[in-house]
Amino acid sequence: MPDILSIIAKYGYSSLFAALLMEAIGLPVPGALALLAAGAASASGVLHPVVAFAVAIGAMAIGDTTLYLGGRFSGWTLLGFLCGFSLSPEVCILRSAKWFYKRGRVTLLFAKFLPGVNTMAPPLAGSMHMRASQFFRFDLGGILFYSLAYGALGYLFRDVFRLIVGGLQAFSRALAWVILVGVIAYLFYRTWLFVRYRLNRFVQRVPVTDVEARLKLEGAPDIIIADVRSHGYYDEGEQRVLGSIRIEPNNLDVFIEKLPKDTPIYLYCT
């Protein structure tokens with residue numbers, strides 16, 4: 001019997017709960033494989049399908065709710081932490097926010113099927129102040145879709161699943177070495193970035209007093225002051241710096257074409 005099925009058979013519902021909870025909060029655990037195994041175990045009589053389905057829903061709902069609340073109360077701090085494990089944290093945050101911005105709440109219905117997005121969607125929803133009732137409704141729909149899809153596949157094709165996972169064991173050691181080499185390379189890369197940029201932040205900061213002095217200076221060239229707060233922190237009633245323009249960071253491509261190329265631009269956000 002494949003390892004994943006052995007774990008499900010030995011520890012039952014607790015192993016299924018733990019695997020899906022860890023995947024939901026961003027740990028590198030193959031939740032889809034756990035659902036396939038649970039479906040196969042249910043077909044074999046090891047688990048009860050209704051109970052396994054309820055356990056899966058509960059685990060993912062707890063994980064998603066935790067990230068949603070974290071995003072709601074910490075803003076982009078949690079997103080920065082989660083993206084800190086990527087090769088380019090700044091790009092990770094902006095790309096995830098832009099992706100969610102364009103597709104909105106519908107993202108939650110299929111986010112579970114997309115690696116990376118499944119972890120980022122709940123805290124993004126929280127940081128953008130999506131209503132709790134709306135989040136739970138769409139997130140639950142996505143959880144049900146995800147659970148049914150993989151659970152049903154495991155249940156209907158349990159024999160094929162066993163053959164596939166059994167074949168994967170043949171090169172599991174080689175795969176472990178590849179992963180180890182990848183982790184070591186990643187650590188070296190992050191160390192190199194830290195050494196390179198430890199004295200130079202990614203974003204150059206300008207004191208407010210310097211900008212104020214430049215505005216008061218007679219004959220000084222024109223400048224642009226732009227409000228780049230994410231739409232999760234900005235609405236039509238928000239106050240802005242006098243004379244500033246509004247730029248939506250999640251739709252930056254549209255604004256870049258309209259901005260002058262020879263004018264200094266100062267950005268501010270919260």
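## Where H4 meets H8

Asp64, Leu67, Tyr68, Gly71 and Arg72 on the H4 side touch Thr119, Pro122, Pro123, Ala125, Gly126 and Ser127 on the H8 side, a contact being heavy atoms within 4.5 Å. Sorted by class, this contact of H4 with H8 holds 5 nonpolar, 4 polar and 2 charged residues. Here Ala, Val, Leu, Ile, Met, Phe, Trp, Tyr, Cys and Pro are nonpolar, Asp, Glu, Lys and Arg are charged, and the others, Gly among them, are polar.

A quick word on the source: this is a predicted model, in which local features need pLDDT of at least 70 and side-chain atom pairs count only at pLDDT 80 or more, while totals for chains, interfaces and linings use all residues. Residues are numbered from 1 along each chain as its sequence is written, and side-chain values use heavy atoms, with hydrogens and water left out.

Now the geometry. Helix H4 covers residues 49–74 and helix H8 residues 117–127; their axes come within 6 Å and cross at roughly 40°. Helices are DSSP runs (H or I, at least four residues), numbered from the N terminus. Axes are lines fitted to C-alpha atoms, for helices over the stretch in contact, and angles run from 0 to 180 degrees between N-to-C directions. H4 and H8 are therefore oblique to each other: under 35 degrees counts as roughly parallel, over 145 as roughly antiparallel, 65 to 115 as roughly perpendicular, and the rest as oblique. The crossing of H4 past H8 is right-handed, meaning the near helix is turned clockwise from the far one by less than a right angle, with anticlockwise being left-handed.

A cavity is a set of points on a 1 Å grid over the protein atoms alone where a 1.4 Å probe fits but cannot get out, and lining residues have an atom within 4 Å of a point. Points are joined across faces, edges and corners, and a volume is the space filled by probe spheres set on them.

The second largest cavity comes to about 40 Å³. Around it sit Asp64, Leu108, Ala111, Lys112, Asn118, Ala121, Pro122 and Asp139. H8 supplies the largest share of that lining, 3 residues. By class, the lining has 4 nonpolar, 1 polar and 3 charged residues.

## H3 and its two partners

Helix H2 (residues 13–24) packs on H3 at about 155°, with the axes 9 Å apart. That makes H2 roughly antiparallel to H3, and their crossing is left-handed. H2 brings Leu16, Ala19, Leu20 and Glu23 to the contact, and H3 brings Gly31, Ala32, Ala34, Leu35 and Ala38.

With helix H9 (residues 132–156), the axis of H3 crosses at roughly 50° and the two axes come within 6 Å. H3 and H9 are therefore oblique to each other, in a right-handed crossing. Among the H3 residues in this contact are Gly39, Ala40, Ser42 and Ala43, and the H9 residues include Tyr146, Tyr150 and Tyr155. The contact has 9 nonpolar, 6 polar and no charged residues.

## Ala43

Ala43 lies in helix H3 (residues 31–43). Leaving aside residues up to four places away in sequence, Ala43 touches Tyr155 and Arg158. Ala43 and Ala152 are 109 residues apart in sequence, yet 9.7 Å apart in space, C-alpha to C-alpha.

Technical notes
Helices (H or I, at least four residues) and strands (E, at least two) are DSSP runs, numbered from the N terminus. On a 1 Å grid over the protein atoms alone, a cavity is a set of points where a 1.4 Å probe fits but cannot get out, and a pocket is an open set with protein on both sides within 12 Å along at least five of seven lines; lining residues have an atom within 4 Å of a point.
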